[in-house]
Amino acid sequence: MQVERYCYLVRLQYLGFRYSGWQKQPGQKTVETMLSKTLKFILDGQKFKILGAGRTDAKVSALSMVFELFIEGEPLVDMEEFLQLFNDNLPPDIRVLAITETDSSFNIIQDAKVKEYVYLFSHGKKNHPFCAPFLANILNQLDVDLMQKGAELFEGTHNFKIYTARLQENTKTERTIISCELKENKLLKANFFPEKSYALHVSGKGFMRYQIRMIMGALIQLGKGELSLVDIQDSLKSESTMKLTYVAPGSGLLLYGLHFENQEI
């Protein structure tokens with residue numbers, strides 16, 4: 001007899017600073033592991049599976065991540081009550097925001113979506129220690145005006161083959177960035193933050209591993225005077241042989257938005 005399977009989309013937020021990324025890894029504390037442990041407890045014996053809309057690296061946070069929850073046997077009776085129970089049993093650095101029912105025709109990995117990432121950083125002097133989970137701290141003075149011009153060069157369709165780690169043979173390296181803008185940070189504020197900090201906003205339909213952090217790394221090198229605007233332009237050509245030497249720290253990166261074309265949550 002075929003067991004009934006019910007599908008739900010769950011939107012959540014998390015602070016990634018104490019996690020080794022999203023995906024389950026042996027012997028590591030990850031966001032997916034924590035969610036699975038909590039679901040195992042609150043679903044009390046029901047079989048389930050979770051599938052994320054993507055992966056985040058170690059120390060990377062999310063203001064809006066989505067995962068698909070598959071439950072066998074019985075459907076959720078009261079989703080608001082389930083949401084409350086879920087949050088009551090999750091650690092304080094993970095919060096579930098919403099849950100909605102979907103069906104088996106929806107594919108969280110393959111369905112077209114737009115992701116927006118934000119990279120937060122400051123520069124010039126050492127930050128208050130409490131900034132560490134939120135802001136990358138670049139101790140060098142940076143030419144932010146030049147970095148803003150550099151950010152614009154990443155917009156459009158380019159070959160990002162040098163902006164990823166451990167490139168696989170069949171990876172599609174031509175990607176389209178809808179927008180890439182560096183501006184003053186208005187997203188997160190705290191009384192221990194430096195007087196001024198900055199945010200790189202990048203949106204697109206899909207990114208390769210480390211792509212955003214390597215874009216940010218190239219912009220930091222531009223701000224230090226180690227790269228030029230011409231270098232950035234050349235790095236995006238399919239024939240480029242440039243080797244990027246800096247990957248920006250994971251702690252400054254957060255997944256800011258995740259949207260699906262045919263599914264609201």
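A residue counts as buried when under 20% of its relative accessible area is left. The model shown in these views is predicted.

**View 1. Helix α1 is largely enclosed.** Helix α1 covers residues 31-42. Nine of its twelve residues are buried, so the rest of the structure largely encloses this helix. The buried ones are V31, E32, T33, M34, L35, S36, T38, L39 and I42. Their cover includes strands β1, β2, β3 and β4, along with helix α2. The length fits too: at 1.5 Å a residue, α1 should span 16 Å, and its end C-alpha atoms lie 17 Å apart, which agrees. Just after α1, D44 has a positive phi of about 50 degrees.

**View 2. The largest nonpolar core holds 71 residues.** L35, F154, Y163 and L200 touch the most other members. Helix α4 (residues 211-224) gives this core its largest share, eight residues. A second, separate core has seven residues, among them V118, L135, F193 and L254.

**View 3. The surroundings of Y163.** Beyond its neighbours within four places in sequence, Y163 contacts residues including F154, M208, Y210, M214, I232 and L244. In general, nonpolar side chains in soluble globular proteins tend to be buried together.

**View 4. Strand β5 and its pairing strands.** Strand β5 (residues 113-123) is mostly covered, with nine of its eleven residues buried. It pairs with β10 in the antiparallel sense over seven bridges. There, Y117 stands opposite L255. Strand β9 also runs antiparallel to β5, joined by seven bridges. Here E116 faces S203 as its opposite residue. Strand β6 runs parallel to β5, with three bridges. F121 has A136 of β6 as its bridge partner.

Technical notes:
Residues numbered from 1 in each chain as written. Predicted model: local features only at pLDDT ≥ 70, side-chain atom pairs only at ≥ 80, totals over all residues. Heavy atoms only, no water. Core = buried A, V, L, I, M, F, W, Y, C linked by side-chain atoms within 4.5 Å. Buried < 20%, exposed > 50% of the residue type's maximum accessible area, 1.4 Å probe, protein only. Helix = DSSP H or I, 4+ residues; strand = E, 2+ residues; numbered from the N terminus. Contact = heavy atoms within 4.5 Å. Expected span 1.5 Å × (residues − 1). Pairing = 2+ DSSP bridges.
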